[in-house]
Amino acid sequence: MVLKRQLFIIIIIIIAIITTTVTAQEAKPLIVGGEILEAEYPGNFGISYTEAKSFAQALGLTYWHDDARLIVGLGSIQIRFPISTIPKSRSTLKKIISANPPHALRKDEKVLIPIRYTAKALGCIYSGNENSLRVVLPQAKLLNLSLNVINGRDVISLKFDRNVNVVERAPGHWLLVGARAEEGMKYFSGLYLSDVRILPGPYGAEIFLDGVSGWPEEAAYFPRETRIFVGRKAKKKLPPPLIVIDPGHGGDDYGATYGNLYEKNIVLTIAKEMAELLRSRGYNVLLTRTKDTDISIFERAQQAAKADVFISIHVSGSPLVLAGPSIYTYTGTDNSTPVFTAKARTLIAGGGYRQILKRFAASPSDIEQFVNKIEAELGRIGLSAKRGRTPLYLLERAPGASALFEVGSIYNSNDRARMANSAQLSAYAQALARAIIEFIGVTR
Ligand SMILES: [Zn+2]
């Protein structure tokens with residue numbers, strides 16, 4: 001009898017234990033991204049929830065909320081949850097946690113989100129047993145990295161086998177969260193960038209954008225693709241100024257020569273690349289020549305006369321000129337000389353380019369600024385430029401900011417080595433294009 005009673009009590013206890021585990025659904029550990037969080041079951045409906053912010057942090061997700069909504073994101077995937085306080089009515093609670101999307105639940109200072117739903121929407125692997133739950137975001141693989149100049153900005157496109165978030169760690173230094181990539185380097189002649197280095201890291205691959213320091217950077221997400229934009233967004237207000245680039249010489253006129261290095265080719269290469277970069281930014285660009293042809297000084301002057309910004313590109317063929325680049329401005333642009341302003345006034349009165357001319361023609365200080373920008377941009381590629389004055393007819397004809405740029409001296413072996421190297425010619429083109437963009441930005 002006594003034995004029977006004990007057995008009966010034991011059975012009752014066992015039944016009670018089974019019932020509680022089935023219905024009470026106590027909180028259990030949630031293992032996610034190397035962190036241990038807590039999964040709980042609001043209202044015991046079998047739907048597990050966890051604290052949203054810690055969950056987002058553990059997986060490197062973007063996270064945002066206000067009083068009414070909570071958003072977690074991975075690349076271009078964004079899950080938007082309406083936020084509700086846990087209602088007293090069980091049927092209402094069941095309804096909002098089974099809705100699509102289910103509601104996030106406010107609990108004290110925290111906001112909880114449904115684990116399984118979130119994991120599935122993000123492409124995570126979700127598993128669980130009686131003891132714990134686990135959410136794993138599979139490592140992403142960087143499939144392709146390409147670089148382009150689009151609308152005047154350098155754009156790095158990173159393609160992955162899943163969506164990937166990126167985090168800017170420092171200027172020019174980005175973490176590709178949870179992504180795997182081989183160590184490597186990509187060369188690029190954009191407006192701002194010269195190369196991109198990739199290094200594997202513990203939290204994901206890291207990329208370093210060389211040469212972007214000081215320029216704005218931003219990321220944008222597309223399905224399985226992240227783009228990083230470098231450079232200033234183009235403003236579209238006034239009609240774009242006309243930039244005239246004059247590569248010297250051409251055809252039978254070789255300019256300065258040394259062995260098989262010809263000035264006419266060097267300057268054309270630089271001019272064409274500059275034109276491409278500036279056009280991609282929306283500027284009107286005119287080249288006085290686009291081929292290996294000789295054109296008269298008169299034809300060049302006609303083009304120069306239309307320019308808001310004019311730059312003539314040459315190589316020094318004088319044995320007297322020291323190594324390195326030189327920037328020449330027109331002799332008559334001294335503040336004390338009225339020639340330039342008189343010329344500008346005449347051109348403005350003559351109509352045609354009125355508004356732009358007012359902005360670009362008038363002051364010798366504009367030209368000073370233009371030269372300062374060229375000097376600064378050359379400095380960014382490690383070159384220091386000499387300055388000089390020249391009575392060059394073309395500069396006299398150009399109403400806007402005008403300068404003659406000499407890449408270097410054909411008689412200097414270092415300069416020649418640069419001029420024979422296509423990457424270096426790109427660097428000159430990038431620097432000059434940036435100088436023009438910066439100059440126009442300041443004067444406008
Ligand atoms: Zn020349």
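So, Arg-224: this residue sits in the loop between β19 (217–222) and β20 (225–230). Arg-224 isn't a glycine, yet its phi is positive, about 55°. The cut-offs here: buried takes 20 or more other C-beta atoms within 10 Å of the residue's own, exposed is 12 or fewer, partly exposed is in between, and the C-beta atoms are placed from the backbone.

Before I go on, a word on what we're looking at. This is a predicted model, where local features need pLDDT of at least 70 and side-chain atom pairs count only at pLDDT 80 or more, while totals for chains, interfaces and linings use all residues. Numbering starts from 1 along each chain as its sequence is written. pLDDT is the predictor's confidence in each residue, from 0 to 100. The chain averages 84, and 82% of the residues score at least 70. Then there's residues 333–362, where the pLDDT is below 50, although in the model that stretch has 37 contacts beyond near neighbours in sequence. A contact means two C-beta atoms, placed from the backbone, within 7 Å.

Most residues other than glycine have a negative phi, and most peptide bonds are trans. Asn-44 is another non-glycine with a positive phi, about 55°, and you'll find Asn-44 in the loop between β2 (35–39) and β3 (49–51). Asn-44 counts as partly exposed because it has 14 C-beta neighbours inside 10 Å. And there's a cis peptide bond, from Asn-100 to Pro-101, with omega near -5°. Pro-101 belongs to the loop between α3 (90–97) and β7 (104–107).

OK, zooming out. We have 444 residues, and 39% of them are buried. The chain has 12 helices and 28 strands. If you take the contacts with a separation of 6 or more, 63% come from residues 24 or more positions apart.

Now the cores. The largest one has 77 residues, and the members touching the most others are Leu-176, Ile-270, Met-274, Ile-374, Leu-432 and Ile-436. Which helix gives the most to this core? That's α12 (residues 422–443), with 12 residues. Domain 2 (140–230) and domain 3 (242–443) each supply at least three residues to the core; those bounds come from an automatic or database domain assignment. Leu-432 touches Met-274, Ile-311, Ile-374 and Phe-405, leaving out residues up to four places away in sequence.

Next, the open sheet. Six strands, or 6 if you're taking notes, line up as β3-β8-β7-β6-β5-β4 with mixed pairing. Pairing means DSSP finds at least two bridges between two strands. At the edges are β3 and β4 (62–65), each with a single partner strand, so one side of each has no neighbour in the sheet. From one strand to the next, the twist averages 30°. β4 and β5 (residues 69–74) run antiparallel, joined by 4 bridges, and they make a hairpin with 3 residues between them. Along that pair, Trp-64 stands opposite Ile-71, and Tyr-63 has Val-72 as its bridge partner. Helix α2 (residues 52–59) lies across β3, β4, β5, β7 and β8 (110–114), at about 80° to β3. That angle is between N-to-C directions, on a scale from 0 to 180 degrees, with axes fitted to C-alpha atoms, for helices over the stretch in contact.

Last stop, strand β26 (residues 326–330). Why call β26 largely enclosed by the rest of the structure? Because 5 of its 5 residues are buried. β26 pairs in the parallel sense with β27 (residues 386–390) over 5 bridges, and runs antiparallel to β28 (residues 401–409), with 3 bridges. Tyr-328 has Gly-388 as its bridge partner in β27 and stands opposite Leu-404 in β28. That's me done.

Key: A nonpolar core is a set of buried Ala, Val, Leu, Ile, Met, Phe, Trp, Tyr and Cys residues joined through C-beta atoms within 7 Å. Helices (H or I, at least four residues) and strands (E, at least two) are DSSP runs, numbered from the N terminus.
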